[in-house]
Amino acid sequence: MLPSFERLLKIRGGIPLKGEVRVQPSKNALLPILAATVLAEGPCRLSSAVPLRDVENMVEMLRRFGAKVEWCDGGIEVDTTDVHPQTIGRELTGKMRASVLFLGPLLARFGEATTDLPGGCRIGERPIDWHLSGFEQLGYETKVEDEGVVHVWGEGKNRVVHLPGVSVGATENVMMASCTQAGASVLNAAREPEIVALGNALSRFGFGVTAGDSEVQIAGGKPRGGEVEIPSDRIVAGTWAAAFLATGGEGRIVGYPHKDLRAFTALLLEGGARLEEDGDALLVLKSPRLKALKFGTGAFPAFPTDLQPIVSALLTKARGKSRIVENLFESRSNHLNELGRMGARSWVDNRTFTIEGVKQLQGALVSSTDLRCGAALVVAALGACGETLLQDRHISRGYHGFIASLESVGAQIEVCR
Ligand code: UD1
């Protein structure tokens with residue numbers, strides 16, 4: 001049986017995309033910053049935020065905690081003065097991974113927090129043991145009940161946390177839990193651009209946080225409201241580059257975060273893509289058929305796992321056999337099954353995927369099984385022969401106005417339901 005879906009996209013393949021697109025603000029930067037507004041204890045403005053489904057869910061959680069949240073021209077205004085800890089039911093926390101990120105700020109402000117276990121894309125186990133270890137190292141008590149309710153409480157009396165593994169979410173949660181403590185530090189921290197963005201936001205909210213290295217340092221201070229600009233979404237920027245290349249088109253991607261995408265851009269260049277840096281834009285020039293590539297995903301600055309499905313889609317038509325090692329998530333290969341329906345040839349051996357490029361993909365009936373799988377299928381469908389019917393319920397969690405932007409550069413997509 002096919003999984004449930006909420007819309008059916010009919011995508012006509014084989015039309016080279018041409019023109020200019022602007023990269024949307026980053027979902028994965030915005031979500032932790034929304035959680036961090038709890039620490040500001042006052043009015044905050046997050047400019048250039050866009051209303052993605054995951055963002056709407058996070059906003060709904062903030063409201064249930066007692067925050068006033070309004071969408072305004074080009075952003076979100078949040079006032080967390082009257083926030084208090086609340087248990088948020090699984091019907092909401094289960095929709096996304098980032099719901100767990102309220103634990104850190106609630107702990108720092110109130111010394112207690114409770115949540116239901118988070119949901120999110122089904123790409124692996126995705127435990128939260130390193131988050132809990134971080135809280136325990138700070139001095140808090142933690143308890144996970146059989147039904148999946150997580151409680152954390154006590155006093156954060158310690159200042160140094162050494163995370164058991166490199167994790168974006170655990171780094172964000174523990175940074176927020178410890179940021180009221182002057183002189184605190186988080187060791188073995190992740191260094192993703194979204195962590196730097198969170199550090200900058202926390203500094204705006206009064207806490208003097210330096211992030212972006214394997215040690216996050218916290219100078220501490222007094223909470224205050226503030227304005228934060230959300231940076232460009234590196235995964236969406238990468239998706240655009242792939243979409244132009246898959247169709248043999250050419251375009252200008254404005255707001256391309258070059259320094260956040262070094263590993264991705266370098267890999268495409270190695271495959272023979274013709275790309276040029278043009279200020280804050282990337283020019284994708286008409287490129288030859290890509291060569292097969294070998295790469296592995298990893299924590300920043302290595303190749304981002306969220307772009308693995310999207311590059312997989314490109315490699316289904318490359319010359320020769322590509323080899324990908326997915327080092328972060330143990331079951332992030334669902335997109336390969338779906339691409340197989342379009343004629344792609346691939347083999348999965350645990351975390352190693354082999355993709356043998358074919359000359360052409362054929363349109364087919366496919367389903368997005370997670371957010372980036374959905375984006376990968378759009379990329380593949382745009383470059384395929386004939387029509388693809390994509391059953392989707394994930395893409396709008398992370399891509400804003402995607403179909404309209406694709407149409408603006410020549411794609412033919414019909415939303416059938
Ligand atoms: C974030 C991103 C997600 C991206 C991922 C890796 C958001 C909302 N999501 O997810 O899009 O794919 O980073 O770049 O920003 N792990 C543990 N225990 C923990 C935490 C993590 O074992 O307590 C493991 C995970 O199972 C995974 C690895 O660490 O194998 C990396 O996960 P992590 O960096 O935490 O990803 P997320 O923060 O969930």
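User: Which helix gives the most to the shell around the ligand?

Analyst: In this predicted model, helix 5 (129-138) and helix 6 (168-178) each supply at least two residues of the shell around the ligand. Of the helices, the one that gives the most, with 3 residues, is helix 5.

User: How many residues surround the ligand?

Analyst: Among the closest are Asp129, Ser167 and Val168. Asp306 and Leu328 also belong to the closest residues. By kind, the shell divides into 6 nonpolar, 5 polar and 5 charged residues. The number of residues that surround the ligand is 16.

User: Which domains each give at least three residues to the shell around the ligand?

Analyst: One of them is made of two stretches, 7-24 and 232-415, and the other covers 27-229. The shell draws at least three residues from each, and they are domain 1 and domain 2.

User: How much of the accessible area of the ligand does the protein cover?

Analyst: A backbone N or O atom of Trp130 lies 2.8 Å from an oxygen atom of the ligand. On its own the ligand has 750 Å² of accessible area, and the part that the protein covers is 88%.

User: What is the volume of the largest cavity?

Analyst: Rolling a probe the size of a water molecule over the atoms shows where empty space is left. With a threshold of 30 Å³ or more, the count comes to 1 cavity. The space in the largest cavity is about 50 Å³.

User: How many charged residues are in the lining of the largest cavity?

Analyst: The lining includes Met61, Phe65, Gln86 and Thr93. Helix 4 (103-110) and strand 6 (112-116) each supply at least two of the lining residues. The lining divides into 6 nonpolar and 5 polar residues, and the number of charged ones is none.

User: Is the peptide bond from Phe300 to Pro301 cis or trans?

Analyst: Most peptide bonds are trans. Pro301 lies in the loop between strand 17 (294-296) and helix 10 (308-315). The bond from Phe300 to Pro301 has omega near 15 degrees, and it is cis.

User: What is phi of Glu41 near?

Analyst: Most residues other than glycine have a negative phi. Glu41, in the loop between helix 1 (27-40) and strand 3 (43-47), has a positive value instead. Phi of Glu41 is near 50 degrees.

Notes:
Residues numbered from 1 in each chain as written. Predicted model: local features only at pLDDT ≥ 70, side-chain atom pairs only at ≥ 80, totals over all residues. Heavy atoms only, no water. Near = heavy atom within 4 Å. Polar contact = N/O pair within 3.5 Å; in protein donor to acceptor, adjacent residues only side chain to side chain. Areas by Shrake-Rupley, 256 points an atom, 1.4 Å probe, with all protein chains shown as cover. Helix = DSSP H or I, 4+ residues; strand = E, 2+ residues; numbered from the N terminus. Nonpolar A, V, L, I, M, F, W, Y, C, P; charged D, E, K, R; others polar. Domains from an automatic or database assignment. 1 Å grid on protein atoms, 1.4 Å probe; cavity = no way out; pocket = protein on both sides within 12 Å on 5 of 7 lines; lining within 4 Å. Points joined across faces, edges and corners; volume = space filled by probe spheres on them.
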